[in-house]
Amino acid sequence: MRLLHTADWQLGLRAAQVGERAAEGRAERLRALERTVALAHRLEVDLVLAAGDLFDHHEVSESLLREALGLLERLAPIRVALLPGNHDPLVEGGVWSRRAWRDVGSHIAVLDRAEEIEILPGVALYPCPLRQKRSVQDPTAWIPVRRKDDRRLRLGVAHGALDSLQVESNFPIARDRAELCGLDYLALGDWHGVLIQDRSCYPGTFEQSAFDERLPGYVLLVELDQESDPKRRQPPRVEQHRVGRLRWQQLEVEVRDLTDVERLRAEISTLGSPADLLLRVWLRAEGLDETARRALDRLEEELERSVLFLEWRVDQLGLQAWSPEDGGLGVLADVDRTLASLVAGEKPSPELEALLGDADVELLREARLSLRRLAARREVPAG
Amino acid sequence: MIVEELRLRHWRGYRDQRTFRFAPGLNLVVGPNEAGKSTIFEALSRALFDRHTSRAAELERVRPLGSSLGPEVQLVLRAGDCRYRVVKRFLESPSSQLFVERAGSFELDHEGDRADAELRRLLGGEAARGAARPDQRGLAQALWYLQRDDSLPARAWSQALHEGLAGLMKLSLQTPEQESVLQAIAEEHAETFTRTGRLRKGSELGVLRADRERLALELSARQEELERTRAHREELGGLAARAEDTALGRGEALERLERLDRQLERAPEVEARHRGALEVLGEAERRASGVRTLRERLRRLEHRIAEAEVARVSAVEEEQRLRTAARDLRRAAETHARRWEEELAPKVQAARSQIEDLRARLRVEQLEREESSLLAKRERRSQLQAEAAAVEEQMRELAAPDADESERLDALAERARALTQRVRAAAVRVKVELEPATDIEISPELQRDPESGEYLVAGPSRFRVPGVVEIAVRAADESLEAWHREASAAEAEIRLALERHDVEDLAALAERRREARLLEARLAAIRSRWLEAGGSVVAGSSPSADQLDADEREARLLADLHAELRELRARAPQAVLPGIEGWAEHRTQEQIRALEERTRALERSLREAREAEQAADRSYRQRHDDLLRSGQRAAGASAEAATLGAALAEELEPYGDLPGLEAAHAEVERELGRLRGELRVRADELEQEVAQVRRARASTEAELRVLDGELRTVEAARADRLARIEEAAALDLDGRVDDLAGRLGVVERRLEVVERRASAARLLQRLVDHHQDRRARELVKPVAELVDRWLGHVTGRRYQGLSLDDKLVPLEVRPARYQGPLPLESLSYGTYEQVVVLLRLALAALLSREERHLVILDDRLVNADASRLERLCEVLAEVASSCQVLIATCDEAPFRNLGARVIRVAGDETAEDVGALVAGHPDAGLV
């Protein structure tokens, strides 16, 4: 038997971080679902199991819901079982009670009760739907232990944190639930990256949703041995399939000269299509010369134009001071020196202190950079 | 820059060319007042700063008095490493030339305006127009202290002075590139902020902040809407719990209802028992009621029998009484009848007869009087008739016209007269005179005026003198002829009337008419009397038809009268008995009236008697009727009593008798009491086992209804909240919130950058300002130090120093004796002048560190006392070591030891200037 295990679609997840392209960002998750549907058909699975958090919240728009249901309709005749998670728990007036669900095909089952159902002939499914956002109860606790004479395939589907993960225990799930209850497979959701622990697996979210996720963007193809004697069955065969498009990349780099800048550019170019890239770059720039600084500015401008989203932060660690002797820089050199000394933590004179107001080091750095920028633009020989 | 030589021509007192040469150190220009000392400095100033083309009024005053000559000036200068020659002429053929010394000879470098500009630049002069003014003189503003110059600038010394000093101190004077950066910093600052540091309208920062505000507001509004949806969901949770509770309560109520229904299963049985008891009681009640009714009826029957008996007795008694009364009444009626029949009626008859007689008597009397009157009238009428016939005869004889004819004739005569007069007035007058007189035949005859002898021709006429002539005359107007004809006709008619009455003229006719009227009056009187005598209207000699009728009527009247007399006399012969003759009529009348009165009294008595009889009769008949009715009532009452008695006996039959009935009644009442007790037991049973249960059931049903209502309310609320949630979902609030948040994020990120950059720009600008200020202060410092040293020395340590602002303008002096500084204005004029001079000398000394500059003091030390002047000279000597100093003075004595070149300027200005060689000065000497 082949099933496609997916979870944490987080449809309707807000994408405000990509600014004016938020709508595009939201739509991307639907495209991932579309790819998942296509994959299910291609892999000829018998069942699609979605283990919770299919919707990011209950306020998802009607159009999005109907579009998602339209995609699920396309899965027919494959059986589809959908589990409410902690983001979209079964509550009155929640996303699961919308009118749109009344029209869905019979191949789709919303797992709204903790009771055994025969999802396919000879396949018993033990759903553990969530009815609230937080709880310290194990939602799988109700699953009965396999009877000796029960030779069916027994599948569990639940949303929560395996207690082996040692994360904050919202809906903790006993790590040996599958063994304890004689489940052939326990399909889990909640963890946003692929995690396979014996028969208990997380497919992770199918489209990355944050910078700090590990192994996102996959669904799991699970093949189960239907040997009549449960004891002689092979363990499930689990295969990862990528359906996600977006990549959230975070780079923390130190830049000292033009070579470093070029290296950074090369590294970014290996991250794939910029259009799919959400990029966070944190730079530590120290003693950059004008050429390097200009190259860095250019790189930022290019990325700003090309990637889906860019967060660009530069920590200026130092600039060479202008020499008071060279080029008669006059007041400019005075200002630069003052800023440099203040950045270095020197205490300002009372007169200066009044002038600075609540300016912090960042602002002082920025002011010094501005000075250098303006000086560079006017071709003033910089130290 | 220093000046080596100055030549003047056509310049105020210097009509002819004059040449002055100056030493590079100290020079004294000595001369009395108005000798032309200041003219030298004026020429110097105009040569360096004025445009040669200037036609300023001041320049006009430069021409020698009364001349139209163009003032000329020539200068030899040394600036930097070069020597220059300047040649300028003003007003007349103005020109300007600048020569530069190259390889020992002067070459023309610039001419005209260009030469002017280059010269101005030498001392940093600022503007072409009005360039000779102190504030436009560049360095010379401070270094040259001329007559009429203000001692200090209003705000600041010229830019050239600042730049000069700064450059010397290697402090500022930015290169153009640095200037450009400062400009860029200022521009970046100005992109966001105004000069006063406020946010500039329309700046990116302002726009972004406004955008952020707007987006944040909108986002907050959308989020609130989302929150409402979440709140609806929360409410739904509560509503679900409420629905569950209600459903639970409803279940319990249903169970209770079921239990009560089970209890009510016995209800029909209990109700039947109760109904049975009720029916038995009802039956007993009906029976008791029958007995009670019977008793009642029997009582009523007994009562009515008694009543009937009483009525019968009463009727009998009444009958008796009525009978007696009727009899009495009958008797009374009969008495009355007898009385009027026997007594009153004959009396009345007799009285009436007597009255009749008396009336007949009176009538006879009256008839007889009428008869004699009628006969007398007949006699009189005969007489009057004879008189009338006589008068009528007279009138016939008189033959007078009647009134109408008389009137007509009068009118005719009047008309004839009027016409005749008109004809006479209008007629043609013809007068015929013939010689000899001959008879004239005139046809027709014409009237002739007796006076004039003229013929009056009123119609066609012929005058004929036979055998001679015949003249036909006629009037031109036809009406004349008509009038004439009419007058003639009237006169003819009058004549005929006169002939008819046989009188001569109209007067006689009138007389006759008057007599006729007298006769008519007499006849009228007769007729009047006739009528009085009973005649008819017309009375004449022959009786008229009317008269005949009247006579006949009179005869008939007499006949009737006689007939009535006869009848009366026949009916009452006694009335005409002679015996009663002499009865006066009035006595008879009185007798009649008395009799009538008596008759009326008798008739009244008779009527009363009759009425009494009739009343008695009516009463009798009434009593009789009453009697009959009373008898009937008595009979009826007897019969009713008998019937009732029979009925009573019949009703009582089942009970035997009345006591039997009473016993039966007591039994029925006892039975009733027992049955009522039993019914109470059944009713209690019904109340407890049925009614109470039913009430509980109704209450439970009501409760169920309430719960159902509650459920419906909750369901409606749930449906409402769900609908609202669906509605909100359809609006894609979440997507809009996300989009807004996205846009807000973009704005905020950009705002962060712009804000940081703007803050940096502001900080940078502040720092630039700060350092520029500091530099300005650094510029002030050496100047102040030098002035302080000199001021202390000159004033004998009275003042320790001078405070300057950053523009090098003195603010106050620091006296040695006082704690605080003193404002400059509080100094004496002499001291003030010394302070100003020292400041200018200090500026000159500093500016001349690299290049010697010219300092001019035009008679500015006159107010210094001897000791201060002496010390000032020491300062001047120090200054002169690095500067060229020109001092104008009237008195050279105080400066004698300074080793200055002396240039004397005489009042008459005839000779060349005389320079005094001062020992020790290399350049000093006579020119």
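A:Ile117 stands opposite A:Leu125 in strand E6 of chain A. The model is predicted, and local features need pLDDT of at least 70, side-chain atom pairs count only at pLDDT 80 or more, and totals for chains, interfaces and linings use all residues. Residues are numbered from 1 along each chain as its sequence is written, and chains are lettered from A and ligands numbered from 1 in the order in which they are written.

Two strands are taken to pair if DSSP finds at least two bridges between them. Helices (H or I, at least four residues) and strands (E, at least two) are DSSP runs numbered from the N terminus. E5(A) and E6(A) are part of an open, mixed sheet of 6 strands in the order E5-E6-E7-E10-E12-E11. Its edges are E5 (117–120) and E11 (195–197) of chain A, each of which pairs on one side only. On average, neighbouring strands of this sheet are turned by 25° against each other, direction ignored.

Another open sheet of chain A also holds 6 strands with mixed pairing, in the order E4-E3-E2-E1-E13-E14. Here the edge strands, pairing on one side only, are E4 (108–110) and E14 (237–242) of chain A. The twist from one strand to the next averages 20°. E13(A) (residues 218–223) and E14(A) pair in the antiparallel sense over 6 bridges, and A:Glu223 has A:Arg237 of E14(A) as its bridge partner. Helix H1 of chain A (residues 22–43) packs on this sheet and touches E1 (2–6), E2 (47–50), E13 and E14 of chain A. The direction of H1(A) makes about 165° with that of E1(A); axes are lines fitted to C-alpha atoms, for helices over the stretch in contact, and angles run from 0 to 180 degrees between N-to-C directions.

Overall, chain A has 8 helices and 17 strands, and 44% of its 383 residues count as buried. A residue is buried if 20 or more other C-beta atoms lie within 10 Å of its own, exposed if 12 or fewer, and partly exposed in between, with C-beta atoms placed from the backbone. The secondary structure of chain B comes to 17 helices and 21 strands, and 26% of its 927 residues count as buried. Two residues are in contact if their C-beta atoms, placed from the backbone, lie within 7 Å. Among contacts between residues at least 6 apart in sequence, 71% in chain A join residues at least 24 apart; in chain B the share is 68%.

In chain B, the axes of helix H9 (residues 403–426) and helix H10 (residues 478–500) come within 8 Å and cross at roughly 145°. The contact involves, among others, B:Leu412, B:Ala416 and B:Leu419 of H9(B) and B:Trp483, B:Ala487 and B:Ile494 of H10(B). Its residues divide into 13 nonpolar, 2 polar and 5 charged, where Ala, Val, Leu, Ile, Met, Phe, Trp, Tyr, Cys and Pro count as nonpolar, Asp, Glu, Lys and Arg as charged, and the others, Gly among them, as polar.

Strands E15 (residues 799–804) and E16 (residues 810–815) of chain B pair in the antiparallel sense over 5 bridges. B:Gly801 stands opposite B:Arg814 of E16(B). The hairpin of E15(B) and E16(B) has 5 residues between the strands, and B:Leu808 takes a positive phi near 70°. B:Glu825 lies in the loop between E17 (822–823) and H16 (829–847) of chain B. B:Glu825 counts as exposed because it has 7 C-beta neighbours inside 10 Å.

A nonpolar core is a set of buried Ala, Val, Leu, Ile, Met, Phe, Trp, Tyr and Cys residues joined through C-beta atoms within 7 Å. The largest has 92 residues, of which B:Val787, B:Leu838, B:Ala842, B:Val855 and B:Val879 touch the most other members. H16(B) gives the most to this core, with 11 residues. A second, separate core of 61 residues includes A:Val45, A:Leu65, A:Leu111 and A:Leu183.

Between the chains, 49 residues of chain B are in contact with 45 residues of chain A. On the chain B side, H6 (176–192), H7 (204–263), H14 (658–730) and H15 (733–794) each give two or more residues. The largest share, 24 residues, comes from H15(B). This side divides into 20 nonpolar, 15 polar and 14 charged residues.
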